[in-house]
Structures are given as C-alpha cells and as structure tokens.
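I opened a new notebook page for this structure. My entries follow in the order in which I looked things up.

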Amino acid sequence: MRNSLFVLLAVLAAAAVYAAARIVDNPYVFFAGYVVLQFVVLATAWNILGGYCGYVNFGSAAFFALGAYTTVAMVKFPALAAKYLPEPLIAVTNLIFPLPIPVLILFGGVIAGLVGLGTGYLTLRLRGVYFSIATLALAVVLQTLVVNWDYVGGSRGAYVVRPATTPFFGIDYMEYLFLMMLALSVATLAAARSIERSRLGFGFAAIRDDELAAESCGVPTLRLKLVATALSGAFMGMAGAPFPYYIGFLEPSSAFGLAYAVNSIAMPMIGGTTSWIGPLIGAVLLGTLQQLATVTIWSELSLLIVGLLLIGFVIVAPNGIVGLLETLLGRKRTEPARAADAEGKA
Amino acid sequence: MGNSLTIEGVNAGYGAVRVIENVSMNVASGTTVVLLGTNGNGKSTLIKCIMGICRPTSGRIVAEIDGEKHDLVGMKPEAIVDLGIALVPEGRRLFPRLTVEENLLLGAFRPVARVQRKKNIDFCYETFPRLAERRRQLAGSMSGGEQQMLALARALMLAPKILLVDEPSVGLAPLLVSRTIDTIRDLKAKYQLTVLMAEQNFTQAIRIADSGYVIVHGRIAFEGRSADAHNNNDLIRKFYLGL
C-alpha cells in the first residue's frame, strides 16, 4: 500500500472514530478518548526506538513531560514579557500569545526531539541494559530540573487555563483537544509506517538484530540511532504538548508519572513491536481497559492491569498480539532455532 | 589495477589493555593471506581495526583500491565499506530475525552497492543455490553451514575488492570447515578478490594461502611466504601446533 493511500485510509478511520464519539454524545468519551489516543502516540513513538532499533527507553515520561512543560513555558510567557519587555514588544507578544495547540505541539516536538538527539549523543555508545538505565537517569535529572524551576511552577505546579472558545465552530474544548490528538495519532502512525518500509527502517532492523554486523555492512549505526532517538523523543514530546490544557493543572509528579514510562513500554510489547500496528493495538486495548477501570473500579487499578497483562503476554505471546495472530494464521516465518547452531547436518 | 592492504606498525587495544603491538602485514593484490593464531591473540581486533570498528592508537593501515591509496585509520566503517572492503564477521553475525534475502540486501546497504543489488543477488543465488531455496526463511533458523554461506554471500553483495574473513571455522563441523575454506578459495578465484583471512585452523587455512602470518600475544611471531614455509617451520610446530 502506498503511503498516500495509507494516510487517506487512516484519516478516514480517524473520521469514523470521531463520528462514533460524537454519536455517543457524552463528553466523557472525548475526555477518556484523548488519553487513549495520547497513548497511541506515546507507544508508537517508543516503538520507533524500542521496537525498530531494539533500544529500550525507560524515560518516556521525561520526553512527554518535556512537551508538556514546553507548553507551560509558552503559556507563562506573556506574564514574563509584561514584566521585562518594552511596551511595543508586549503588544506584539499579546498579539501572538496564547499560541494555538498545533503550534504548541510543534514546539514540544522540537524541544523533546533536540533533547532526544542530545541523549542519543551521550548514551548511544551504551548498549542493552546500560542504555535503559541512562534513560531512566534522564527522567530523574529532568524532573529535578523542573521541580526547581520556578518559572514553570516548580514543585507547586502550574495552572493552565483553557481558552473559552475553540477555533473550530465553537465545539467543546475537550472535543477540540481530542481532535488534535486524533490528528497527531494519524501523523505518528503514518510516520512510523513509512519508516518501517524505508531504507531507514531496514537499517534500524539491522541494528536491532546485530549492531556489529550492521556496522560491517556499512550501516551508519550511530547516525541512524540518533535519528531514532530524535524522532522517538519528538513524537513523545508532541504527545505531551497539549496535556497541560487537558489536565488544567500540571505538576511535576503527574507529568513525569510512572504510568507514561510503563505504558509506553507495555503497549508496544503487548501489541507487538515489529510493525506500526502493534503499538496501536496495544495502546487502544490497554488504554481503553485502563479508562474503563478508572471509571468503574478505581484509577490506581490501571497500572496493575498493565503489569498483569504484560506478565501474561511475556509468557504466552512474547511477540505480542500481532505475533500471536501471525502464528495462528500460519503466516509466521520459521522462528530462529538455536538448536540449528549445534550443526553437523547441512 | 591493484587491490592490496598494507598494515604498518599498528598498535591497538581496548582502554588500558593493549591487544596488538606493532603489527605490520602486507596483503598483496590478488593473494590470499592468512592470519594465524589461537584465541585471544588479537586476530579479530586487527580485523576490526581494518574495518574502522576499532581505532588503532598508532600505525597506518593503507588500502590500495584500483591503484588508489586510502589510509583507513580514522575512516568510518561505512566509508571503508564504500571503498569495496567487505567483512565476514567472526561467528557469522547474521541478522537472525530477518530473512535470507533481507540479509543479502543489507550487504548492499551502501548506495554504491545498491545500484547493483539485483545483479549481485543473482550471483549469490547462483553461487549458493541453497540460499535461493531459502530466501524467505529467517536467517536464524538455518543450520550453521548455511549461515556461513549466507555470511559469505552477504559480504559478496558489496562486490568487494578486498574480502576480510574472520574465523570462518568457528562452530562448524570439520567437514564443513574444509568446505567453507574451499568456497573461499573458489570465490576468490571467481571474483578476483584479495583475501585476508583470520583463522585458528592452521592446516585448513594454509591450504589456500599464498602467504601467512602467525600472531602471538598481539605480535607477529612469524611471517611465511608460502604454505611450505609454515608447514616446515619449527617455531610454528612448537608454539602453535604443540608438536
């Protein structure tokens, strides 16, 4: 399927999702749906580095929070400008701000992408578990910085007041945010899918399978890994950018929450890491389950669900739902049998 | 037009550990040179230095490709691959979760090789019909002998001028070792390659060698201009073969 056709189909699917959400005619659908879509973006973004390249990132929350705090910084800017800038510049500032959500998403993406690139430079000489530990450290460092940065609210947190109106026919603001996240999901999935089918994705797969062999085939491993960390970080940042408007009040412990790090690993793992559809399935399934549990039982239950499902899948279907389906449909290619190495029969 | 490799006074190691000390070698155009030595003497490190994966602390590694000289020290692996130097890594190092065909295509990842990948893949399937039968199979699910074929074929996808082979005998049954060595000899003749092969299996490697070096504790202990020179050398018999 051509990329343009895929985008068209994805847009149609997204339109169907939106129509269905409207038909239900319950504002809570948009409220809960936003979170599910946010996890679709996060899981897909995680999978670009974790699934395609095999580098497990434990610091997803850091990139998500970077996006969210970029928005907070932008929201707070007019107040800062009013204090320090000369009169004409304040007028200009008031004209531009508050920035619309798509611009904030772009900013969040750029900032998180740059941090992703920097992290890549510092850590990508590390492999396997050492890389993962470094990403965990990144989350801790960034959280400490934010906690001690008064401008974005520090440990007290920051209020972000939603505008009274939306640019789209006066629809409800939550509906507007839902639409934004829906569009971002389509964009992220389309990007992930086109990476998968490109020479870039081929290089990623080589890195995942055997980095030294990739290097000796002339795959520019360091450069490709930097592309992966930057892209993955950027999409995570984009997922976080509208979050302050969604939540209304942002504090470091919610932006850097454990749920983001755990979910963005668990969702691709449960869905399947080898293709774009795996994180989508995982995120929709787990995200919906978590939202249902939040409403019907208890919100703290959601992480328990993730944990139990992850354990179950690791045991029963280590290649995720996509891998399980491939096996059931008999389309699975022969699994590598270590025994074949014992040799002697060829 | 010559394709040769000259190594002059190379020192290399990892961190504080020096693995290779003042190694000099010459791989003349169109010859097969073997680098002999038991485990842990620096064979693989030297090969990695040539490929730019490990950086020597001093010394020069000069590759002459079609008569043009290139100093490989400081070059990135991908640039060295672009010159037409291909490596068959130790332990084969295939991409286990990719198919045979995908493995071959990765051998032609560089743009220089990409343009000829259709032609080269046909060559590979012609040389190794077994791989053609298994083109859709995952590389990790093949037997060791087939994996070694694939590792060689993947390197050929570059249409290399100089072929580096690191321990082709690892993990193979004795019969397969001799077959693999024969295959390397045949490929060398067919594609007019210059071959540098690191190997532990003295008797097998020396069969196809034009000349050879014995490396002991990171130093070249012996240099032989012919297979006979190696076979009849007391030093080798004593220190390497233990006879």
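**Entry 1: a salt bridge.** Which residue forms a salt bridge with A:Asp210? I looked it up in the model, which is a predicted one. The partner is B:Arg93. The closest N and O atoms of B:Arg93 and A:Asp210 are 2.7 Å apart. I then asked how many salt bridges the rule finds across the interface of chain B and chain A. It finds three.

**Entry 2: polar contacts.** I turned to polar contacts across the interface of chain B and chain A. The rule finds five residue pairs there, with both residues at pLDDT 80 or more. Next I noted which helices of chain B supply at least two residues each to the side that touches chain A. They are H1 (43-51), H2 (77-83), H3 (100-107), H4 (111-114), H7 (144-156) and H8 (174-191). I also sorted the residues on that side of chain B by type. I got 19 nonpolar, 10 polar and 12 charged.

**Entry 3: the extent of the interface.** How many residues of chain B are in contact with chain A? I find 41, and they meet 28 residues of chain A. I wanted an area as well, because the size of an interface is often given as the accessible area lost when the parts come together. Chain B and chain A bury about 3000 Å² between them. Carbon and sulfur atoms carry 61% of that area. On the chain B side, B:Phe95, B:Arg97 and B:Phe109 lose the most area to chain A. Together these three make up 21% of what that side buries.

**Entry 4: chain A as a whole.** I counted secondary structure next. Chain A has 16 helices and two strands. The C-alpha trace of chain A spans about 85 × 45 × 40 Å along its principal axes. Of the 346 residues, 51% count as buried. I also checked contacts in chain A with a separation of 6 or more. Residues 24 or more positions apart account for 78% of them.

**Entry 5: one serine.** I picked A:Ser264 in helix H13 (residues 258-271) of chain A. Is A:Ser264 buried or exposed? Its relative accessibility is 0%, so A:Ser264 counts as buried. What does its side chain reach at 2.5 Å? It reaches the backbone oxygen of A:Tyr260. I then set aside the neighbours of A:Ser264 within four places in sequence. That leaves A:Leu42, A:Ala43, A:Trp46 and A:Ser60 in contact with A:Ser264.

Methods:
Residues are numbered from 1 along each chain as its sequence is written. Chains are lettered from A and ligands numbered from 1 in the order in which they are written. This is a predicted model: local features need pLDDT of at least 70, side-chain atom pairs count only at pLDDT 80 or more; totals for chains, interfaces and linings use all residues. Side-chain values use heavy atoms; hydrogens and water are left out. Contact means heavy atoms within 4.5 Å. Buried area is the accessible area (1.4 Å probe) that two parts lose on being put together, summed over both. A salt bridge is a side-chain nitrogen of Lys or Arg within 4 Å of a carboxyl oxygen of Asp or Glu. A polar contact is a pair of N or O atoms within 3.5 Å; within protein, one must be able to donate a hydrogen and the other to accept it, and residues adjacent in sequence count only if both atoms are side-chain atoms. Helices (H or I, at least four residues) and strands (E, at least two) are DSSP runs, numbered from the N terminus. Ala, Val, Leu, Ile, Met, Phe, Trp, Tyr, Cys and Pro count as nonpolar, Asp, Glu, Lys and Arg as charged, and the others, Gly among them, as polar. Buried means under 20% relative accessible area, exposed over 50%, partly exposed in between (1.4 Å probe, protein chains only).
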